[in-house]
Amino acid sequence: MSADLDRANAPTLGGVVRRAHRRMAWASVAMAGCLVLLAGVIALRMYIDNNLRLVARSLAYTVEAAVVFRDADEIDQTLGSMLQGEGIAFARIRDAKGQVLAQWGHQDQGLISELGEWLGRQILTTPTVSEIHHDQHVVGQIELSGDGRGLLGFLLSAIAALLVCMAASGAMGTWLSRRMLREIVTPLHSLAEVAKAARYERDLALRVQPARILELRELGNDFNTLLDELQDRQTQLQHKNTALAHEASHDSLTGLPNRAHFEHRLQTALAQGQHENCTFAVLFLDNDHFKQVNDTYGHEAGDALLIEVAHRIRSQLRASDVVARLGGDEFAVLLTPILGNDEATQIADNILKAMRPPLPLQSSGFLQPSVSIGIAVYPVHGQDMSTLLRSADTAMYRAKAQRRGSQHLAIGSTT
Ligand SMILES: Nc1nc2c(ncn2[C@@H]2O[C@H](COP(=O)(O)OP(=O)(O)OP(=O)(O)O)[C@@H](O)[C@H]2O)c(=O)[nH]1
């Protein structure tokens, strides 16, 4: 639960990289924008100062006569006609004694004008002063203040451009981070998927796809090598387990299932018989005079005979039947399903017939395979494992007592 919570709260690599890219792009654009803005304001201020000086000089020549004659109307007219639209906010003309002869200010109103004036007062703090000369005497003075509306226009368009640049760089940062993330996150996702499949589903067959970035490709290769090794070990273990399981349930000489396996299959048949009301039979087989074979021809010949007998029994059975070596020279067969006693005795008969051909010995001479068979049928001769096996065993001894190499069906119900 807390791991899920941690996971939900943890920032993703994608989120972190996207944020970092966007912040970096915005910070650099903002810094560059501020610097350009500052340089622009300084340049514009220099330009305005220069312009004010030029206008003041030209105005000084134009109003020289009017100032000498103290013609205020003429000066007003000149100021109005010369200063309109020249980026001047305010102009004042004084005589040599400092007395104001005329003054002019632009008449524009509105928010932009007020803002421009405010900005002019903040940035263009000192007015430009120029003297008016006549016959090499100072006859007056011109005082001009710059109009801040030009500056305001510049600042507004610069800020607008800055915002557009920031939006563009933000979008560019997001696009770049997406591209970069594809290169980084996709291989990492693939690695995580393969690791999850290996951990939770024990699936070691998946492999990480090669990434374009060198470090990630090497990481993927190392991971794939590790998976190769794990898969090899898993395969070896599976083979060992299969071999061990086979060893535990099979006889090493004949390769047939052993007693434990046979009993397990018999239990299954019993459960199925009870559940589905079907019939099956247990055959108990014992080699005849086997001790004599060992004593006469040796243990190896006895082994060869056991292998041959096992093979001949198997050859007479159906795929659904089971033959097992119980130990020594004893075998057991589970015939499942059968229709009745006749089918079981028929198969036993087939087995006896299969024993007839003699077995040539490697050295010289022949061995004559021979088995005696006892038959017990479920449910007539037993309804549990031990009863069925006992019935088949008793029937086998009856067969032996009667005539070796024959079969005997258990008598009646023994439960
Ligand atoms: N070669 C060989 N002999 C085995 C093996 N296991 C048990 N035997 C021998 O098989 C013989 C079994 O003999 P019994 O079943 O007692 O007697 P028999 O000679 O078959 O006589 P009847 O069963 O009465 O016909 C013994 O001599 C065991 O030593 C084995 O794996 N290989």
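What follows is a short chat about a predicted model of a protein chain with a ligand.

Biologist: How many helices and strands does the protein chain have?

Modeller: The predicted model has 11 helices and 11 strands in the protein chain.

Biologist: And what share of the residues counts as buried?

Modeller: Of the 415 residues, 27% count as buried.

Biologist: What about contacts between residues at least 6 apart in sequence?

Modeller: In the protein chain, 67% of those contacts join residues at least 24 apart.

Biologist: OK, His21. Where does it lie?

Modeller: His21 is in helix 2, which runs over residues 13-68.

Biologist: Buried or exposed?

Modeller: His21 is buried. It has 21 other C-beta atoms within 10 Å, and the cut-off for buried is 20 or more.

Biologist: Which residues does His21 contact, leaving aside neighbours within four places in sequence?

Modeller: Gly173, Thr174, Leu176 and Ser177. Take Thr174: His21 and Thr174 are 153 residues apart in sequence, yet their C-alpha atoms are 6.8 Å apart in space.

Biologist: Which residues does the UniProt annotation "transmembrane region" cover?

Modeller: The UniProt entry, which is unreviewed, puts that annotation on residues 25-48 and 151-176.

Biologist: How much of residues 25-48 is helix, and how far apart are the ends?

Modeller: Residues 25-48 are 100% helix and 0% strand. Their end C-alpha atoms lie 34 Å apart.

Biologist: And 151-176?

Modeller: Residues 151-176 are also 100% helix, with 0% strand. Here the end C-alpha atoms are 36 Å apart.

Biologist: Which elements each supply at least two residues of the shell?

Modeller: Strand 5 (280-287), helix 8 (290-297) and helix 9 (299-315).

Biologist: At what angle do helix 8 and helix 9 pack?

Modeller: At about 135°, with the axes 6 Å apart. Helix 8 and helix 9 are therefore oblique to each other, since angles over 145 degrees count as roughly antiparallel and 65 to 115 as roughly perpendicular.

Biologist: Which residues meet there?

Modeller: Helix 8 brings Phe290, Val293, Asn294 and Tyr297. Helix 9 answers with His299, Ala301, Gly302 and Leu305. By class, that contact has five nonpolar, three polar and no charged residues.

Definitions and conventions
Residues are numbered from 1 along each chain as its sequence is written. This is a predicted model: local features need pLDDT of at least 70, side-chain atom pairs count only at pLDDT 80 or more; totals for chains, interfaces and linings use all residues. Helices (H or I, at least four residues) and strands (E, at least two) are DSSP runs, numbered from the N terminus. A residue is buried if 20 or more other C-beta atoms lie within 10 Å of its own, exposed if 12 or fewer, and partly exposed in between; C-beta atoms are placed from the backbone. Two residues are in contact if their C-beta atoms, placed from the backbone, lie within 7 Å. UniProt positions are given in the numbering used here, feature names are shortened, and annotations may be inferred rather than shown by experiment. A residue is near a molecule or strand if its C-beta atom, placed from the backbone, lies within 6 Å of it. Axes are lines fitted to C-alpha atoms, for helices over the stretch in contact, and angles run from 0 to 180 degrees between N-to-C directions. Angles under 35 degrees count as roughly parallel, over 145 as roughly antiparallel, 65 to 115 as roughly perpendicular and the rest as oblique. Ala, Val, Leu, Ile, Met, Phe, Trp, Tyr, Cys and Pro count as nonpolar, Asp, Glu, Lys and Arg as charged, and the others, Gly among them, as polar.
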